[in-house]
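Visitor: I have a structure open here and I'm new to it. Can you walk me through it?

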Amino acid sequence: MAHAKTSYVCLPCRASYKQPYDSTRQRICPRCAEPLIHAGSAFAVPRRRDVAAWRTLSVLLNAGVGFHKSCCGGPGYRPRTLREVRERMAYARRSGEPAARALVRYDVP
């Protein structure tokens, strides 16, 4: 039986690689030799030329928000635009809520 694969992302190269998950092994980008970030198995790769989507993705991954499957399907709500990211980050600063939790909120009060 084959092992399930998950996505690893290189933000500078705007590339994603599907590899078996191993928490003890550090993945390296084959293009630039920088460390890859574990994005999760429910990650959908944006087009390489979509700069805004990669900026949004960069904020999410650097805040610790992943794209892991839950028991009910997908990873849940994730902001898709920089405007949505800015709204949630402003809410996090105002309320004191951690950025990772504010970024996955569907509605911002």
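Guide: One term to begin with: contact means heavy atoms within 4.5 Å. This is a predicted model, where local features need pLDDT of at least 70 and side-chain atom pairs count only at pLDDT 80 or more, while totals for chains, interfaces and linings use all residues. Residues are numbered from 1 along each chain as its sequence is written, and side-chain values use heavy atoms, with hydrogens and water left out.

Visitor: Which residues does Glu 97 touch, not counting those up to four places away in sequence?

Guide: Glu 97 touches Tyr 91, Ala 92, Ala 102 and Arg 105 on that count. With Arg 105 there is also a side-chain to side-chain polar contact at 3.0 Å. A polar contact is a pair of N or O atoms within 3.5 Å; within protein, one must be able to donate a hydrogen and the other to accept it, and residues adjacent in sequence count only if both atoms are side-chain atoms.

Visitor: Where is Glu 97 found?

Guide: In the loop between helix H2 (82-95) and helix H3 (99-103). Helices (H or I, at least four residues) and strands (E, at least two) are DSSP runs, numbered from the N terminus.

Visitor: Is Glu 97 buried or exposed?

Guide: Glu 97 counts as buried, because its relative accessibility is 13%. Buried means under 20% relative accessible area, exposed over 50%, and partly exposed in between, with a 1.4 Å probe and protein chains only.

Visitor: New topic. What pattern does the protein chain follow along the sequence?

Guide: The pattern is β-β-β-α-α-α, from three helices and three strands.

Visitor: And what order do the strands have in the sheet?

Guide: The order is E2-E1-E3, in an open sheet with antiparallel pairing. Strands E2 (15-20) and E3 (37-40) stand at the edges with a single partner strand each, so one side of each has no neighbour in the sheet. Two strands pair if DSSP finds at least two bridges between them.

Visitor: How many bridges join E1 and E2?

Guide: Six, in the antiparallel sense. Ser 7 has Lys 18 as its bridge partner in E2. In the hairpin of these strands, with four residues between them, Arg 14 takes a positive phi near 55°.

Visitor: How many bridges for E1 and E3?

Guide: Three, also antiparallel. Val 9 has Ile 37 as its bridge partner in E3, and Tyr 8 has His 38.

Visitor: Why is E1 largely enclosed by the rest of the structure?

Guide: Because five of the six residues of E1 are buried. In the protein chain, buried residues make up 31% of the 109 residues.
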